[in-house]
Amino acid sequence: MNNLRKIGVKNLKREYQRDYEFFIKEHFNQEIEGSFSESDILKLQEFVDGLNTGLPRDYLIGNSEFYDYKFFVDEGVLIPRPETELIIEIFSSLPLQTPSKVIDLGTGSGCIGQTLAKQNPDHIFFGLELSTKALNTAKKNHDLHLSLIHISEPTRLGMMSYAVFCLKK
């Protein structure tokens, strides 16, 4: 905590020390003892302020790990939880015909459907999402992890809007 004061960062709650160290390694690729520019210190203080207001670390750093892959996340999607990885394992044990078509309903960040597509390239995965903001995050992750076959523009159906995208490795 003394190192934080030396570089000008204030008010980090003790329970967020590990998140802070992770942020420094993730964004600056260095240890706390390193030197930081004035703009770096402002970013560090913004991160600390976000933690202190209760924002999850993954939203603040903009990504989350899921099944050994890194996915973009923001406040428009849920942060993938470790127990969600069980879906990938359960899917792998299903006796499906090849190729099968699988729908990831409410795809959010796309971490489930996109991980399944990477792990099971003989199947076709469709991500369905009502939220345009979440769909944009899923598209960003798709560009990072997979090649896009098709994505529709958000379409209105009654009071809902939705878009469909097809994932194939």
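Asn120 sits in the loop between α6 (111-119) and β4 (124-129). Helices (H or I, at least four residues) and strands (E, at least two) are DSSP runs, numbered from the N terminus. The model is predicted: local features need pLDDT of at least 70, side-chain atom pairs count only at pLDDT 80 or more, and totals for chains, interfaces and linings use all residues. Residues are numbered from 1 along each chain as its sequence is written, and side-chain values use heavy atoms, with hydrogens and water left out.

Is Asn120 buried or exposed? Asn120 counts as buried, at 13% relative accessibility. Buried means under 20% relative accessible area, exposed over 50%, and partly exposed in between (1.4 Å probe, protein chains only). Asn120 touches Phe91 and Phe125, leaving aside residues up to four places away in sequence. Contact here means heavy atoms within 4.5 Å.

## Salt bridges

A salt bridge is a side-chain nitrogen of Lys or Arg within 4 Å of a carboxyl oxygen of Asp or Glu. By this rule there are three salt bridges.

Asp19 and Arg57 pair through their side chains at 3.6 Å, N to O. Asp19 lies in helix α2 (residues 17-28) and Arg57 in helix α4 (residues 57-61), so this pair ties together parts that are 38 residues apart in sequence. Arg57 also forms a salt bridge with Asp58, with the closest N and O atoms 3.5 Å apart. Arg57 is partly exposed, at 27% relative accessibility. Asp58 is buried, at 13%.

Arg81 and Glu83 form another salt bridge, at 2.8 Å, N to O. Glu83 is partly exposed, with a relative accessible area of 44%.

## Nonpolar surface patch

Which residues form a nonpolar patch on the surface? They are Leu86, Ile90, Leu94 and Leu96, with about 350 Å² of accessible area together. Patches are made of residues with over 30% relative accessible area and no salt bridge; like charges are joined within 9 Å, and nonpolar side chains (Val, Leu, Ile, Met, Phe, Trp, Tyr) within 5 Å. Accessible areas come from the Shrake-Rupley method with a 1.4 Å probe; for residues, only the protein chains shown count as cover.

Leu96 lies in the loop between α5 (85-92) and β3 (101-105). Leu96 is partly exposed, at 35% relative accessibility.
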